[in-house]
Amino acid sequence: MIARGIAEEILPLDLLQAGEEASIVELIGNESQVHRLAEMGLRVGANIRMVRPGTPCLLALDGKRLSIRLAQDLEVLVAAAVPA
Amino acid sequence: MDSTIPASSIERQVSSPAAKFTVALVGNPNTGKSTFFSALCGVPARIGNYPGVTVEKKIGKYRDSQGTVTVVDLPGTYSLSARTPDEMVSVDVLLGRQADVAHVDVIVAIVDATNLERNLYLFTQLRQLNRPIVLVLNMWDRMQAEGRTIEVDELSRRLGVRVVAVSASRSQGIDEAKKMIRQVAGEPHATAASLFPPILEGEVNELSQWLRETADIELQPFLVERLIFDIGGAHASELARRPKLSELPARLAQIRERLAVAGQKVPALETRERYKWIRSQLAGIASVPDEQSRSLSDRIDQVLTHRVWGFLMFGLIMFAIFQAITSGTVWAMDWITGSLQSWLVSGVESLLAPGTLRSLVNDGIIAGVGSVIVFLPQILMLFFFIGLLEDCGYMARAAFVMDKLMTKLGLSGKSFLPLMSSFACAVPGIMATRVIEDRRDRMVTILIAPLMSCSARLPVYVLLVTAFVPQVSWLGGWIGLQGSVLFAMHLVGLAVAVPVAWLLKKFFFPGDVPPFVMELPSYKVPSPRVVFYRVWERAEAFLTRAGTLIFCTAVLVWAAGYFPGDHRPLNELTRKIEQAQAQAAESAEADASTEKSLDGLPLDGLPLEVLTAQRRQLSGQLIEQSLLGRSGKLIEPVVKPLGWDWKIGVGVIASFPAREVIIATLGTIYSLGGDVGEEDEGLRAAIVRSRWPDGRPVYTLPVALSIMVFFALCAQCAATLMVIKRETNSWRWPVFTFFYMTALAYVAALLTYQVGTLILGAMA
């Protein structure tokens, strides 16, 4: 991979690859589901690392491991540092 | 254990009326809350349910230097929101609104010291309840091992509560925590300042006033705030059902609208402000988690959560458990049946003359209840392994691996844990489905949970497997055929559950697959205490059941098998035999001859073996003429296609209230029917010897398999059906479960026997 500089890219959570770090930009979906995710720590501004991509995926968040499979009406957008 | 040391009488005199008080234990899942609870209280004094909901009510007690403290253990939760009726229970208990729980004097908030920031979220809600709080920083040892620090004194000053560092798994800091709880109980406490912008407080006040004026309802500010935060929450809908408050939902919508206009959108407002406050409180006094420290857990997870290896490992672990259950407990079983049971029977024989009372004790109670007790070692072993797997953190990994499969059925990994605990017992398994938020998913999980092979089926399998499956082993004795068959039997229910779940989801509860979010705790060495209590709890439940339900059925079955009938000739014969045996024993002692001469000894001109044969025949006639025998013959045509005789049929029917009863029933039937031998008492020997009238053995491998398959699938558990009724709040679903499972069991047992016999016939 040729790093031509670092930029931020907004993408859905499930597109992150193993080991990639990102921060959560937006949670979209049913309000009570979003509320629950936020209570578990998956909130706007939280930093995550993808441990094992897939469905469900495994995330590192605040030193904890969270397994997540999002549904069609629930989406998490993250900002990842990507080689531009 | 410090909690069981009785306080000295001097200390008791000092104690004031306030010596007794109640504390509530609250915390996130995976904070070691149950370890802390057992370190505080030992075995819970009372486990039950809160009325109307499915929340487990766990209450314990401990003594400190000044008196008794009652501990209410609330279910692990990430938030004190009130979106569902279940969640509302915790809020009600903490606010003293739950009628059947004493007023909570102290809140003990337990948090994981290695993950303070996220765990304190719940604390920010608890501090609004205006109760004294002790903050327990658990897993202190682990945090230290990670080379991190928390400045406890400064944290305590900033948060305005007492803070104690605890390592519950090592029982460190427990006494200090107790001391602190006692101190806090007597102290006045200041009202916590709000951490939300003033606009919210204004809305809360206004709404409180409206509730007071319109419906004369006085709610704590925390509850009013929750009405605003929890969109579509259970508490709001409950209030809105009151005639005067039908306007409430519209009012809440207006409030949220006004907040949104002011840039404070609900529900983001709540989480944002709480986390912001936490971060400011922790700034500079708690070091941030180091990602490297999880490396060991992560390395294990590389294998255990792998989509292929993880799956194989899960199968392997389960297989190993069932191998251990069969090979590790045979000696205990043999000891109970071989030594203990026959010792008891001969003890009774020497005390009681042949007659009704002796028959009741020996055939009804010892052969009935005793046959069930034999299986205590297996059940304890199963719960030992389940306890280990749960406490070390593996179960969450299994749910992660299984989620992929579960989504194919339209369920989620969330359903896996209740199903897994149904392998122990469907009753707690069904209650555990409350973690499933999606109603349709929860219903499907409840309806298939009874198919999981629970520990009450274990005795049936073990009895038949050890009697009819050859004792072959491979790999130097590490893998046995019996253990493998036992494992396979546990897969039968699981395999059948797959199409059942699919059909239910497709036709009864259609809908999208809900999202799945679950925390995977770090692996840890299981706490011996937690595992021990788990095993203890089940041993108690099993023995209680044997002493009550199974005891009663055994006596009823005995009575049905004993009456009506003239037992005098039989008693006379028995007396003769016993005399002969006593004489034989005497003469055997005299000339030190072997058992061989005993059988041939003439008495009344008849050898002993002729007398025993006569007795067996007479006993057989008596039981066939009894109430049990006659009704058994009546149902024999129904069970004959499954390969069963009337005795098995009666046993199966008697075991509909609880499946272990079959063991007791068969034990009594064979004991009454004279099928139990003289040397080897015990049910296993009796079923091996059992014959059809034409002399063919009743039990062949296909018959044993057909019985096992029937038990694997049939809904023979009144407790499970009752819990389904309670959880679904309708009679429709327990009735449905009963019929679908029983029909399935009959058809599957029929196929097993018929196909099995065909195969055996073709091989011969």
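My notes below go from the contact between the chains to some spots inside one of them.

**Entry 1: where the chains meet.** First a reminder to myself that this is a predicted model. Chain A brings 30 residues and chain B brings 32 residues. On the chain A side, I found four elements that each supply at least two residues: α1 (31-39), β3 (47-52), β4 (57-61) and β5 (64-69). Which of them gives the most? That is α1(A), with eight residues. I also sorted this side of chain A by class and got 13 nonpolar, nine polar and eight charged residues.

**Entry 2: a pairing across the chains.** Next I checked what β5(A) pairs with in chain B. Its partner is strand β10 (residues 516-520) of chain B, and the two run antiparallel over five bridges.

**Entry 3: the domains of chain B.** I moved on to how chain B is divided. The assignment lists domain 1 (2-185), domain 2 (198-282), domain 3 (309-531) and domain 4 (565-618). I picked domains 1 and 3 of chain B, and their C-alpha centres are 32 Å apart. They do touch: ten residues of domain 1 and seven residues of domain 3 take part in the contact. On the domain 1 side, helix α2 (residues 33-41) of chain B gives the most, with four residues. By class, that side of domain 1 has two nonpolar, six polar and two charged residues.

**Entry 4: a covered strand.** Then I went to strand β4 (residues 67-73) of chain B. I'd call it mostly covered, since five of its seven residues are buried. Strand β1 (residues 21-27) of chain B runs parallel to β4(B), and five bridges join them. One pair I noted is B:Phe21 with its bridge partner B:Val69 in β4(B).

**Entry 5: one cysteine.** Last, I looked for B:Cys714, which sits in the loop between α31 (701-713) and α32 (718-728) of chain B. Is B:Cys714 buried or exposed? It counts as buried because it has 24 C-beta neighbours inside 10 Å, and the cut-off for buried is 20 or more. Leaving out residues up to four places away in sequence, B:Cys714 touches B:Met741, B:Thr742 and B:Ala745.

Terms used. Residues numbered from 1 in each chain as written. Chains lettered and ligands numbered in written order. Predicted model: local features only at pLDDT ≥ 70, side-chain atom pairs only at ≥ 80, totals over all residues. Contact = placed C-beta atoms within 7 Å. Nonpolar A, V, L, I, M, F, W, Y, C, P; charged D, E, K, R; others polar. Pairing = 2+ DSSP bridges. Buried ≥ 20, exposed ≤ 12 C-beta atoms within 10 Å, placed from the backbone. Domains from an automatic or database assignment.
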